[in-house]
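This note sets out some comments on the model shown below. The points are numbered, and each may be read on its own.

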Amino acid sequence: VEAKDFWRGWQQFMPIKPKAILSISGHWDTKYPSVNSVVQNETIHDFYNFPPQLYQLQYNAPGAPDLAAKITELLKGAGFSSVCVDSRRGLDHGAWVPLYLMYPDADIPVCQLSIQMDEDGLHHYKMGQALAPLTREGILIMGSGSATHNFRDLSKQPDNSNPPDWALDFDNWLNNSLTSGRFDEVI
């Protein structure tokens, strides 16, 4: 299933509309966990050399400042001593592109949480554990991005070709590990 078809068909997996969405995108990397807290999200076009039509797309969903405060509280309660709040940042393409397809009306409040590339998998796993209770409150927690992301390799491949073997091997290993509950192998 192509990603766009999966995202467009998302509501068959989650027919109840979430109260709010927390998006975690690999395109926002900070030293410490950071959450955006805005009243209205702006669309960040943080990509280059794509067709001009993509730069015209907007996904200006409402912000979720109350959710941002709850995220900050949960992370600090789990031992993350430094949690930053960004009152200006909108949604990067790792957040808004899937949401544009999943919930095209842009009427669900959204906030975004950064990742820390300098930290290991255990750090991020603990963040996930701290935030998991939000799902019981009707919050959709969405991680966005591919397990591998190398535009230099993609530019060398013909259009519509299969991914490189190393990427498929890693994707299969990751999928098998996670769906079999072998989280310790991943973190």
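1. Helices (H or I, at least four residues) and strands (E, at least two) are DSSP runs, numbered from the N terminus. On that basis W173 belongs to helix α6 (residues 165-179). The model is a predicted one, in which local features need pLDDT of at least 70 and side-chain atom pairs count only at pLDDT 80 or more, while totals for chains, interfaces and linings use all residues. Residues are numbered from 1 along each chain as its sequence is written, and side-chain values use heavy atoms, with hydrogens and water left out.

2. The surroundings of W173 come next. W173 is partly exposed, with a relative accessible area of 33% (buried means under 20%, exposed over 50%, partly exposed in between, with a 1.4 Å probe and protein chains only). Apart from neighbours within four places in sequence, W173 is in contact with E185 and V186, where contact means heavy atoms within 4.5 Å. Q56, by comparison, lies 37 Å from W173, C-alpha to C-alpha, and the two are 117 residues apart in sequence.

3. Which residues make up the nonpolar surface patch? L122, Y125, F170, W173, L178, F183, V186 and I187 form this patch of about 610 Å². Patches are made of residues with over 30% relative accessible area and no salt bridge; like charges are joined within 9 Å and nonpolar side chains (Val, Leu, Ile, Met, Phe, Trp, Tyr) within 5 Å. The accessible areas come from the Shrake-Rupley method with a 1.4 Å probe, and for residues only the protein chains shown count as cover. At least two residues of the patch are supplied by each of α4, α6 and α7 (183-186), and the largest share, three residues, comes from α6. I187 lies in the segment after α7 and is partly exposed, at 36% relative accessible area.

4. The structure holds four salt bridges, each defined as a side-chain nitrogen of Lys or Arg within 4 Å of a carboxyl oxygen of Asp or Glu. One of them joins K17 to D107, with the closest N and O atoms 2.6 Å apart. K17 lies in the loop between α1 (3-8) and β1 (20-29) and D107 in the loop between α3 (93-102) and β4 (110-115), so the pair ties together parts that are 90 residues apart in sequence. Both are partly exposed: K17 has a relative accessible area of 48% and D107 one of 37%.

5. A further salt bridge is formed by E137 and K70, whose closest N and O atoms are 3.9 Å apart. This pair links distant parts of the chain, 67 residues apart, with E137 in the loop between α4 (121-131) and β5 (139-144) and K70 in helix α2 (residues 65-77). E137 is partly exposed at 36% relative accessibility, as is K70 at 27%.

6. Strand β4 is mostly covered, six of its six residues being buried. V110, Q112 and S114 point one way from β4, whereas C111, L113 and I115 point the other way. In a regular strand the side chains alternate between the two faces of the sheet. β1 and β4 pair in the parallel sense over five bridges, two strands being paired if DSSP finds at least two bridges between them. β1 also runs parallel to β5, joined by six bridges. L22 has C111 as its bridge partner in β4 and stands opposite I141 in β5.

7. The aromatic pairs number 10. Rings of Phe, Tyr and Trp (its six-membered ring) pair if their centres lie within 6.5 Å; planes under 30 degrees apart count as stacked, over 60 as edge-to-face and the rest as tilted. W96 and Y100 have ring centres 6.4 Å apart and planes at 80°, so this pair is edge-to-face. Being four residues apart in helix α3, they are separated by about one helical turn. W96 is buried at 1% relative accessible area, whereas Y100 is partly exposed at 30%. Ring pairs also link W96 and Y100 with F47, F50 and Y55 into a cluster.
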